[in-house]
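Biologist: I have some time to go through this model with you. Can we take it residue by residue and then look at the whole chain?

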Amino acid sequence: GFVAQNVPNSDWEKKVTEYFREKLKENNATNWVPSLNDVPVHYLKPNSLVKFRCMVQDMFDPEFYMGVYETVDPNTNARVLHFGKYRDVAECGVITSERQTFYCVPVPGESAWVKEISFFASQARVSPSTSYTPSRHKRSYEEDEDMDLHPSKQKEQHMGNSSGSDIHGCVEPKRLETEASAGHHVISPNCSPPLDLNFPLPGEKGPACLVKVYESWESFKVNDVLEVFGVLSVDPVLSLVSSEERDSSTLDPMECMDTAEEQRVHSPPASLVPRIHVILAQKLQHINPLLPACLNEEESKTCEFVSNFMSELSPVRAELLGFLTHALLGDSLAAEYLILHLISTVYARRDVLPLGKFTVNLSGCPRNSAFTEHLYRLIQQLVPASYHLRMSIESMNHSRFIPHKDYTANRLVSGLLQLASNTSLVIDETQLEQGQLDTAGVHNVTALGNLITWQKVDYDFNYHRMEFPCNINVLITSEGRSLLPSDCQVHLQPQIIPPNMEEYMSSLLTAVLPSVLNKFRIYLSLLRLLDYSISDEVTKAVEEDFVEMRKNDPESVTADDLHKMLLVARFLSLSAGQTTLSRERWLRAKQLEALRKARLQQQKCVNGNEL
């Protein structure tokens, strides 16, 4: 409609963006747009408006498309103007414009509760493209392969004609992947297996998408988390073209500079990797569906949601502390530090030093009780994205941690450490046995050390390495002191040893009301977004205090200790909803640090030089 009114005037493009921007502001309009995170692609109408919450895994080269072009009807000689924007396939014409393609995947390690809450918040009504209309059970992409399609189990939003039922109306993404990759492909020895969807973490489900961006693409970068609204393109012609190109063994290098492998990766079947032509895209500060999507510092001060929540912060913190104390087998000091760890975030970088990172090494963890496994499951219920890395000689030697560039396919092959900002990474050292690390294992351990110390991952581009800064919360569980660096070691002192660890940990979760669990989730996400400062007066008092502490025993308190105490004081203040440091919080931070150190000292005496 906009094209018809405005061609040849080019204003129509601005008008389209403005129209959708305004429409999406109205009455929770975003909840009415179907999401590729919730609904399988074959349920969605081609060329309709969809949304997708994703991470930019790779950026392909810019591509050219036909902006506005004219066709002539041979029978009537009538001339018709068409537009090529927001489309993959055009009838004919001349190349006039440029767009950027991002390869996007669902946020790695996104928690099931995030998917669930987002799904149930959706008001979108979708009908499948087959005559059979099964209602979808929650977490569409998470279903097990043996999931039976009983309408009683599913959200009653897809009511339609069920005559002539096609029982295959709902194909699992995994099955699609297998079917799509059954053809013969030209594969070079060093690249990914056929149609590997390149998810950073193993076992991930959900669609990967080619996201086509038309404006301001330079403001996005690899690993950014986006919410995009755009036109869904699943034109079967795309799959035909790509399969014909792939099957043709006589590619003329003069006609096509891309290798067969590159075409295979960059033009996968649209049924497996749909295209989204972006009308609007925004970077997400967080992916917690219980919070407003964008909360900048100014908004957070005036936002009614935030002020209401801050007024009841104190009881939420007390309940969360109690919950984590039980999870840590009755150890309230470790629970305090776990809260500080979970709300920590890199707030700035001074030269190469990331400020605000707070990696905790929880030592003294029971070895043979699957304690870390159960602790991780509880953390998974609290944070929006996480991953449990079981450290063993085998996993260190055989896993791909660092993303690397595959020049044959011209793609960035993902690795375990390609994670979105604010992902919680729980590293379990309790299962580590004696053994020999090979070259890959040594590189992986080094990469983990660099991630913890510098909050960066050096991606491998064969001829050089490129630094990608990150913001990952790392928690390490171990028996003795961790082999990896950390900002803070807390030795666990269990007050209770449950006879059945699984039963004990499961009962903790079932005892928490869903509404309380949601408050914990809001608390941890919101406090990460708050600003924080220290007044000149308090800075002066802290400096005087530091000088006083060093008077008695200069060796006992170093500059590093002061930095650690200030960090603890920062997150202690934020955990109480205070955005400035008070004298009271400073004293409490010193007290916590003294207790933590005394415990380590005590352990040292018991175990000799183990710590």
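Biologist: Start with Asn 361: buried or exposed?

Modeller: This is a predicted model, and in it Asn 361 counts as buried because its relative accessibility is 1%.

Biologist: Which strand is Asn 361 in?

Modeller: Asn 361 is in strand 11, which covers residues 360-363.

Biologist: And what does the side chain of Asn 361 reach?

Modeller: The backbone nitrogen of Ser 482, at 3.0 Å. Ser 482 is also among the residues in contact with Asn 361 once neighbours within four places in sequence are set aside.

Biologist: OK, another strand residue. Where is Thr 101?

Modeller: Thr 101 sits in strand 5, residues 97-105. Thr 101 counts as buried, with 3% relative accessibility.

Biologist: What is the side chain of Thr 101 joined to by a polar contact?

Modeller: The side chain of Glu 63, at 3.5 Å. Beyond four places in sequence, Thr 101 is in contact with Met 59, Phe 60, Glu 63, Leu 210, Val 211 and Lys 212.

Biologist: Salt bridges, then. How many does the structure hold?

Modeller: The structure holds 26. One of them joins Glu 22 and Lys 25, with the closest N and O atoms 3.5 Å apart.

Biologist: Where do Glu 22 and Lys 25 lie?

Modeller: Both are in helix 2, residues 12-25, three residues apart, which is about one turn of the helix. An α-helix has 3.6 residues a turn, so residues three or four places apart point the same way. Glu 22 is partly exposed at 40% relative accessibility, and Lys 25 is exposed at 59%.

Biologist: Which residue does Arg 317 form a salt bridge with?

Modeller: Glu 336, with the closest N and O atoms 2.9 Å apart. That pair links distant parts of the chain, with Arg 317 in helix 9 (residues 313-327) and Glu 336 in helix 10 (residues 332-342), 19 residues apart.

Biologist: Is Arg 317 buried or exposed?

Modeller: Buried, at 14% relative accessibility. Glu 336 is buried as well, at 7%.

Biologist: Which residues are linked in a network of salt bridges?

Modeller: Arg 53, Glu 110 and Lys 115.

Biologist: Back to strands. What does the side chain of Lys 456 make a polar contact with?

Modeller: The side chain of Asp 458, at 3.1 Å. Lys 456 lies in strand 16, residues 456-460, and counts as buried at 15% relative accessibility. The C-alpha atoms of Lys 456 and Cys 470 are 5.2 Å apart, though 14 residues separate them along the chain.

Biologist: Now the surface. Which residues form a nonpolar patch there?

Modeller: Val 352, Leu 353 and Trp 454, with about 280 Å² of accessible area together. Val 352 is in the loop between strand 9 (348-350) and strand 10 (353-355). Val 352 is exposed, at 57% relative accessible area.

Biologist: Last topic, the chain as a whole. How many helices and strands does it have?

Modeller: It has 18 helices and 19 strands. Of the 611 residues in the chain, 51% are buried. The accessible surface comes to about 29100 Å², with 52% belonging to carbon and sulfur atoms.

Biologist: And the contacts between residues at least 6 apart in sequence: what share join residues at least 24 apart?

Modeller: The share is 76%.

Note on methods:
Residues numbered from 1 in each chain as written. Predicted model: local features only at pLDDT ≥ 70, side-chain atom pairs only at ≥ 80, totals over all residues. Heavy atoms only, no water. Helix = DSSP H or I, 4+ residues; strand = E, 2+ residues; numbered from the N terminus. Buried < 20%, exposed > 50% of the residue type's maximum accessible area, 1.4 Å probe, protein only. Polar contact = N/O pair within 3.5 Å; in protein donor to acceptor, adjacent residues only side chain to side chain. Contact = heavy atoms within 4.5 Å. Patch = residues over 30% accessible without salt bridge, like charges linked within 9 Å, V, L, I, M, F, W, Y side chains within 5 Å. Areas by Shrake-Rupley, 256 points an atom, 1.4 Å probe, with all protein chains shown as cover. Salt bridge = Lys/Arg side-chain N within 4 Å of Asp/Glu carboxyl O.
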